[in-house]
Amino acid sequence: MCGRFHVGEELIRRLENHFPNLSGKPAAGDVYPSREAAILFLSDGRGGTAKTVSARLMRWGYEMAPHTRLLINARAETIDSRPAFREDYALRRCVIPASGFYEWKRTGRESVKYEFTDPGEILFLAGIFRQEGDSGRFVVITTAANRSMIPVHDRMPVLMGAEEIGGWLRDPEVSRAILGRQPMELKAELAKDAWEQLSLFDMQR
């Protein structure tokens with residue numbers, strides 16, 4: 001499960017420098033479901049040229065009947081077979097840059113908030129997207145937790161290195177390989193606001 005991630009000021013500066021045509025300004029801070037965040041995707045090149053990696057703001061979570069809540073995650077193990085996701089996985093893969101993401105470890109009636117990062121580096125989360133309404137929407141792909149994550153939760157985002165972004169977006173074989181491997185180890189720390197009561201959203205996840 002991935003229900004919240006963080007976008008820092010340094011990440012926003014890098015995105016704006018690398019993608020000067022990015023429409024709108026990503027907001028720094030925590031990104032919740034239904035909020036906008038920048039994603040990387042393949043856009044059609046001008047004049048019939050090859051597709052290029054572009055960035056744009058999209059909202060997190062699919063609105064899909066009969067579900068009353070947003071679908072914010074897709075499981076790597078079933079993404080190419082589940083009807084809700086398989087076409088987007090085949091045609092509309094994306095990458096969500098993040099400074100870190102959060103997960104909660106439940107202890108009795110309390111939950112402890114942890115932040116997972118790769119210090120000094122950007123995390124690139126695998127995702128898919130579609131056009132819904134005025135702006136597109138995306139979901140984060142998750143997989144089984146690795147050693148750094150398992151003490152807190154049994155699921156985590158699929159991650160890739162910066163050098164793999166092009167392959168993930170363009171090549172189905174590369175994308176399948178990324179989905180099938182274990183994500184890199186991350187640094188886990190208690191979040192600054194670590195101890196908090198379960199919110200209604202957390203209890204429904």
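Tutor: Lys113 has its charged end over the ring of Tyr102, 4.4 Å from the ring centre. A charge sits over a ring if NZ of Lys or CZ of Arg is within 6 Å of the ring centre and within 35 degrees of the ring normal. This is a predicted model: local features need pLDDT of at least 70, side-chain atom pairs count only at pLDDT 80 or more, and totals for chains, interfaces and linings use all residues. Residues are numbered from 1 along each chain as its sequence is written, and side-chain values use heavy atoms, with hydrogens and water left out.

Student: Which ring does the charged end of Arg93 sit over?
Tutor: The ring of Tyr89, at 5.6 Å from its centre.

Student: And how many aromatic pairs does the structure hold?
Tutor: It holds 6. Rings of Phe, Tyr and Trp (its six-membered ring) pair if their centres lie within 6.5 Å; planes under 30 degrees apart count as stacked, over 60 as edge-to-face and the rest as tilted.

Student: Why is the pair of Phe41 and Phe129 edge-to-face?
Tutor: Because the planes are at 65 degrees, with the ring centres 5.6 Å apart. Phe41 is in strand β3 (residues 36-43) and Phe129 in strand β9 (residues 123-132), so this pair ties together parts 88 residues apart in sequence. Helices (H or I, at least four residues) and strands (E, at least two) are DSSP runs, numbered from the N terminus.

Student: Phe41 and Phe129, buried or exposed?
Tutor: Phe41 is buried at 13% relative accessible area. Phe129 is buried too, at 11%. Buried means under 20% relative accessible area, exposed over 50%, partly exposed in between (1.4 Å probe, protein chains only).

Student: What about Phe101 and Phe116?
Tutor: They form a stacked pair, 5.4 Å centre to centre, with 15 degrees between the planes. Phe101 belongs to strand β7 (residues 100-107) and Phe116 to strand β8 (residues 110-117), so the pair ties together parts 15 residues apart in sequence. Both Phe101 and Phe116 are buried.

Student: Which residues do ring pairs link into a cluster?
Tutor: Phe5, Trp60 and Phe138.

Student: New topic. Where is Asp88?
Tutor: In helix α2 (residues 86-91). Asp88 is buried, at 2% relative accessibility.

Student: What does its side chain join to?
Tutor: The side chain of Tyr62, through a polar contact of 2.9 Å. A polar contact is a pair of N or O atoms within 3.5 Å; within protein, one must be able to donate a hydrogen and the other to accept it, and residues adjacent in sequence count only if both atoms are side-chain atoms. Setting aside neighbours within four places in sequence, Asp88 is in contact (heavy atoms within 4.5 Å) with Tyr62, Arg93, Ile128, Phe129 and Arg130.

Student: Back to β9. How many of its residues are buried?
Tutor: 9 of its 10, so β9 is mostly covered.

Student: Which strands does β9 pair with?
Tutor: Strand β6 (residues 93-98) pairs with β9 in the antiparallel sense over 6 bridges. Two strands pair if DSSP finds at least two bridges between them. Strand β10 (residues 135-144) is also antiparallel to β9, over 6 bridges. Strand β12 (residues 159-160) pairs with β9 in the antiparallel sense over 2 bridges.
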